[in-house]
Amino acid sequence: MSFDWGTIANNWQFLIVQGLLGFGAFGGGTLRLAIPAIVLGFLLGIVIGLCRLSSRGWVHYPAVFYVEFFRGVPLVMVIFWFWFLIPQITGQRLPEYSVALTAFVVFEAAYLAEIVRAGIQSVPRGQVEAATAGGLSYGQTMLYVVLPQAIRNMIPSLITQFIVLFKDTSLASIIGMMDLTKAAQTVSQREIRPFEMYLFIAVVYWICTYSMSRLSQWLEVKMSPERAPTKRVALRQATGAASA
Amino acid sequence: MPLAGFLGMQYDFQWSVLWTGGHGEWLIQGIWTTIQLSVLGWILAGLLGILAGALRTVPFAPLRALAVFYVEFFRNVPLLVWLFFWYFGVPQMLPRAAQDWLNNHGPEFWSAVVGLSVYHGARMSEVIRAGIQSIPKTLLEASVATGLSVAQAYRLIILPIALRLIVPPATNESLNLLKNSSLALTIGVAELTFMSRQIETYTAKAFEALTAGTLIYLAMCVGISAIMGQVERHFRIPGLIVRAGRAEH
């Protein structure tokens with residue numbers, strides 16, 4: 001049993017700059033995948049969440065199906081689906097990054113839609129009635145009254161989901177995208193020091209996710225001085241967005 | 001069965017690849033491995049979760065710190081990294097004899113079991129902790145005040161409520177474990193996703209192979225959550241427990 005931490009000292013730049021941040025010849029990158037994925041996934045999630053809340057059956061049921069379908073299937077399966085389907089539909093091979101991004105947006109949108117739904121439902125019904133009574137249309141009510149309040153309530157769950165997505169991006173390495181996990185794989189195959197290598201990236205992942213979860217706790221207290229933080233945690237668990 | 005023009009693409013559907021040429025057996029073996037992996041992982045994760053949860057309440061700071069470290073470190077790092085760590089990293093650090101034993105007993109499967117259960121044990125302990133914390137202390141005090149012994153209060157009041165609170169999120173977490181067992185394909189465990197991919201490789205029929213895998217996962221997840229939904233409804237206390245939404249994967 002002997003450790004060789006020199007491997008990490010020699011390769012940390014490749015791991016962090018290329019793997020984590022995504023600057024380098026290979027493209028990809030954990031953060032460069034995670035950030036667009038959460039933004040686009042959230043936008044799609046709002047649409048699906050609103051559809052699910054609709055009282056029209058032909059809008060409501062497809063959204064329910066979408067959410068239940070993607071929540072019942074492993075993410076790896078979804079990534080393989082897009083890996084296979086995109087060349088079939090577009091007729092050309094796309095880079096691993098684009099395939100992974102598409103898969104993550106579509107998959108995460110199902111989970112984000114549930115967060116959006118819980119957030120919208122957390123806005124008291126009276127607000128909608130008041131807005132309607134005040135003469136606002138459905139779109140205006142949503143845009144100016146409900147969503148601003150709902151998004152504020154969603155932020156802790158959204159950060160939690162972002163942490164989950166950040167961890168999930170490691171699966172992009174399965175189709176060969178150069179992220180932190182793939183970078184560690186590459187180095188560890190060359191240097192034959194898997195123990196040190198995987199422990200090192202575990203710590204890097206942990207630093208990122210842990211600081212995000214602290215940020216989330218801080219924001220929760222910061223944004224709602226009127227409510228005790230413990231109460232908010234209970235609310236979050238009740239709405240289904242348990243901590244990652 | 002040629003079916004041109006699906007989403008504008010030319011694709012020959014051949015659903016028979018799923019049951020001819022021994023591929024049906026592959027799928028069944030894959031399902032069986034997935035079940036073995038998930039059930040073993042689930043039992044160990046449950047034990048680790050309870051252990052870590054219990055350690056966080058003992059009046060001895062180093063043990064509490066150990067439990068906090070375990071939970072916070074293991075659940076905040078991707079499972080895939082843990083699988084690589086347990087499969088590629090740990091064996092080289094073991095004594096020679098242990099390495100030999102492992103190599104003779106399918107290192108892929110056991111690494112996957114350890115990886116899954118350690119990761120999900122950390123998450124499970126959070127589920128259990130949240131459930132216990134949501135029971136007010138006054139409930140125990142009130143039970144004792146009405147003349148129950150502490151043991152009776154736990155058996156008749158606290159546990160029946162705690163279990164009802166924990167079962168829904170624990171069901172989600174169990175489904176997450178089932179879905180996450182698919183990552184074991186990366187270290188060469190021949191579970192369901194691995195077998196679907198293998199059929200795809202051998203027959204070049206990706207659509208059929210992926211459909212089979214997807215539908216089987218979907219059936220398992222929907223089936224389990226339907227059964228657990230029934231259980232929850234059967235045992236619910238009116239006005240006390242709201243059906244909680246599902247946690248993230």
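1. Let's start with the overall build: chain B has nine helices and zero strands. Here helices are DSSP runs of H or I with at least four residues, strands are E runs of at least two, and both are numbered from the N terminus. Read from the N terminus on, the elements of chain B go α-α-α-α-α-α-α-α-α.

2. A word on what you are looking at. This is a predicted model, in which local features need pLDDT of at least 70 and side-chain atom pairs count only at pLDDT 80 or more, while totals for chains, interfaces and linings use all residues. Residues are numbered from 1 along each chain as its sequence is written, and chains are lettered from A and ligands numbered from 1 in the order in which they are written.

3. Next, the dimensions of chain B. Its radius of gyration is 22 Å, whereas a compact globule of 249 residues would have one near 18 Å. That radius is taken over C-alpha atoms, and the globule rule is 2.2 Å times the number of residues to the power 0.38. Along the principal axes, the C-alpha trace of chain B spans about 75 × 55 × 30 Å.

4. How much of chain B is buried? Buried residues make up 39% of its 249 residues. A residue is called buried if 20 or more other C-beta atoms lie within 10 Å of its own, exposed if 12 or fewer, and partly exposed in between, with C-beta atoms placed from the backbone.

5. Two residues show both ends of that scale. Lys179(B), in helix H7 (residues 150–180) of chain B, is buried because 23 other C-beta atoms lie within 10 Å. Pro59(B) sits in the loop between helix H1 (23–55) and helix H2 (61–75) of chain B, and counts as exposed because it has 6 C-beta neighbours inside 10 Å.

6. Now look at a helix pair in chain B. The axes of H8 (residues 192–203) and H9 (residues 206–235) of chain B come within 8 Å and cross at roughly 165 degrees; axes are lines fitted to C-alpha atoms, for helices over the stretch in contact, and angles run from 0 to 180 degrees between N-to-C directions.

7. Which residues of H8(B) meet H9(B)? Leu192(B), Thr193(B), Ser196(B), Ile199(B) and Glu200(B) do so, and their partners in H9(B) include Ala206(B), Leu210(B) and Tyr217(B). Contact means that C-beta atoms, placed from the backbone, lie within 7 Å. By class, the contact of H8(B) with H9(B) has eight nonpolar, three polar and one charged residues. Ala, Val, Leu, Ile, Met, Phe, Trp, Tyr, Cys and Pro count as nonpolar, Asp, Glu, Lys and Arg as charged, and the others, Gly among them, as polar.

8. The axes of H7 (residues 138–168) and H9 (residues 194–223) of chain A come within 9 Å and cross at roughly 175 degrees, so H7(A) and H9(A) are roughly antiparallel. The contact of H7(A) with H9(A) has 12 nonpolar, four polar and three charged residues.

9. Finally, a backbone detail. Most residues other than glycine have a negative phi. Ala204(B), in the loop between H8 and H9 of chain B, has a positive phi of about 60 degrees. Ile192(A), in the loop between helix H8 (180–191) and H9 of chain A, has a positive phi near 55 degrees. Ala204(B) counts as exposed, with 11 C-beta neighbours inside 10 Å, and Ile192(A) is exposed, with 12 other C-beta atoms within 10 Å.

Terms used:
Contact = placed C-beta atoms within 7 Å. Parallel < 35°, antiparallel > 145°, perpendicular 65-115°, else oblique.
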